[in-house]
Amino acid sequence: MDRFVCIHGHFYQPPRENPWLEFIETQDSAYPYHDWNDRVTAECYAPNTASRILDGEGRIERIVNNYARISFNIGPTVLAWLESHAQDVYGAILEADRESRRRFGGHGSALAQPYNHMILPLANRRDKVTQVRWGLRDFEHRYRRRPEGMWLPETAVDVETLEVLAEHGLRFTILSQHQAARVRKIGESSWGEPLNGGIDPTTAYSITLPSGRRMALFFYDGPVSRAVAFERLLTRGEDFAHRLLGAFSERREWPQLVHVATDGETYGHHHRHGDMALAYALHYIEQNRLARLTNYGEFLEKHPPAHEVQIVEGTSWSCVHGVQRWRADCGCNSGGRPGWSQAWRGPLRESLDRLRDGAAPLFEKEARGLVVDPWAARDDYISLVLDRSAQSEERFFARHAAHPLSEDERVRALKLLELQRHAQLMYTSCGWFFDDISGIESVQVLQYAGRVLQLAREFLAAEMERPFLDLLERAKSNLPEHRDGRVIYEKFVRPSVLDLGRVGAHYAMSAIFDHYGERTDVYAYAVNREDVRLQTAGRATLGIGRARVSSKITHESARCQFVVLYSGDQNMVAGVRPFVDEAAYEKIAAEVTEAFGRGDLAEVRRRLEDRLGPGTYSLRFLFRDEQRNILRQILKSAMDEAEGLYRQLTEHHEPLLRFLHVEHMPVPRAFQAAAEFVLNRGLKRVLEADEPNLPRLKALLEAVQLDGVELDREGLGYTLKQTILRAIEALRPQAANLELLRRLKVLVDLAVDLPFEIDLWRAQNVIYERIRARGPELARAEGRDPAARAELELLEGLAGKLKLRPISQPARAGV
């Protein structure tokens, strides 16, 4: 068969970690999920590891791993997050690459990506090399093989970028049709220009670079890719398959490759259930033998290029003006803010370029006496990013140290390397992609710049921040309240900057609410407790202590002492200073303890500020997630009180409110809000119980209907989803426990009957696999084994509720 199909998914999210904590803090816009990585994983990355193919009656016939049958790249920073937060998804992706090698003649489907999605044509050569080397090392670390190809961020390309790829042994990359400038058959002398629609995308091309190196280029089918991304082609899997097949032509005389490339998030996040359309399209093509699925490495081996090509320099797939979207007001934007200007892009890039170029000689000068070759050490620093164990660090410095380093010298070397890591991260492309410099993506790159400035300040006498902010001030926001880049930096970056003292303050304040052990990890820091003394008097709590705070990344370390006064609600003040000696520590402790003992909280505060000043900390300085946790604890009694008052109000006026609802008359907003608060909170409490109170649930739902209350559908659905996940986790190590299986069935029955949607994806996966593993054996044993019969009945019942094909019925795939 000379008809081949390959679908490429570029799976990527920008790094969102707080640069000081190395952790993504709560993002309210992703509600009910913790952050956008969490949400996109639930909607896209996870579903594509176990996508559903339905039978003709809409039941799940088969569950497949889409990644094993497509070409894909997943950004290194996304994979790092998945490894820590969604290990089952991470493992399924790695397994998919292994499966693809078996399927596609030894060629894995995973491609590498430059490390943090930098627009390479706008980078200097040294950064291009680092981005490629870091991307390659990250890929090899995870997939345990060398990649054959590399996806370029935004397919942004110039000849120097291709030279760097070829130097590192990469065989191919993928571009858009309009990025081809000229083409000719290999061996011919005259070049031709592609037709208006762009170069023919159905074959591989070769490019000869100025160095004499060659590599292959694939140009994806633009019209079909646009239909996938923007024209709702994923509404129906069979339509997707036919659109792909329609790109073949009988007029072509060579083996044809129809291939598309889109953001991987198209399959589930941008288009709900897009993963299922993808799974069915591939199934339909294979089952009916309409074409052969392949990946780029396999196709290239079987059908090497017969034509060579030259590229249009400085172009990309998402900017018709080349790469201007990442440095100028070119007119490319999200389309949602007509009249807004993106003139801020130029000053933002200029300020970061100035910072990079100022930090480079500083890094080179300061690192020269610590490592043999500073830039080689930077290129190899990815090995420490991937593995920060003591053994990995020893191996790194054995390769690079100019001499045996003291503890202080090692700290300095690591700080310099961290400076360079953040100087890479601050060029993440999303910082320029959207509509305003106040967006979270632009603020993120400014936070990386803030970390660079902080680290540079420790080595450089000259001021780098002032000229940086002077340039940034020219980046004007479209929102009057944000004004410009300088104001945005002061609002959103400077408050995030932290040092060991602030980590100590966080530890001290949170210790009032949490019982810490001898060692506590506070994100990227470790806190070793030396002494903590807590005293309470009514609502007030006094905390006194000392601890050693250490960075787990640079090993910078300091001993600090603290005093915390909590006087109820949000009223908390903490003082922190470096530990001097035991006598000074005990003197402060005695003074505040004496004042607290006689109930003089004002005196406690005065002495705290006087002895541990000049600056003090409040709840505002807690890191966001812990701040939320503590405020939830503080608010609980207030919320319970409010619920009681609102319940009295709604119950007292319930007949009147229901009369208004039945007569379709407007209910006063105060009463409506009270009813919504009481009923949604009551439902949440029922749904988060491992064994929900079903009569109570029924009564609440009846009240919701009678009162016309608006449900928090997304939040309540997420709550029950988490309850079901706990039941699944309890069942995993006890597969034969019928009681746990019955409990899961009760929860699934409940989920199916509720008036809002519950995500049953993981429950479907577990029961599908259990039916495959146990179904035939149970069916054979049910006549003689009551336990087998009971388990089989539970599984059949769950299969029906979860829309799985019953054990006894053969498969018949539908559309």
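This report walks through the overall build of the protein chain and a few of its charged pairs.

The model is predicted, so local features need pLDDT of at least 70 and side-chain atom pairs count only at pLDDT 80 or more, while totals for chains, interfaces and linings use all residues. Residues are numbered from 1 along each chain as its sequence is written, and side-chain values use heavy atoms, with hydrogens and water left out.

**Overall build**

Welcome to the protein chain, whose C-alpha atoms fill a box of roughly 95 × 75 × 60 Å along the principal axes. You can find 29 helices and 17 strands in the chain; these are DSSP runs (helices H or I, at least four residues; strands E, at least two), numbered from the N terminus. Of the 815 residues, 56% count as buried, meaning under 20% relative accessible area, with exposed over 50% and partly exposed in between (1.4 Å probe, protein chains only).

**Charged pairs**

Side chains of opposite charge can pair when their charged atoms come close. A search of the whole structure finds 86 salt bridges, each a side-chain nitrogen of Lys or Arg within 4 Å of a carboxyl oxygen of Asp or Glu. Here are some of them:

| Salt bridge | N to O distance |
|---|---|
| Arg421 and Glu22 | 2.6 Å |
| Glu594 and Arg598 | 2.6 Å |
| Asp749 and Lys745 | 3.0 Å |

Arg421 sits in helix α14 and Glu22 in the loop between β1 and α1, so their pairing ties together parts 399 residues apart in sequence. Arg421 is buried at 6% relative accessible area, whereas Glu22 is partly exposed at 31%. Asp749 and Lys745, by contrast, are 4 residues apart in helix α27, about one helical turn.
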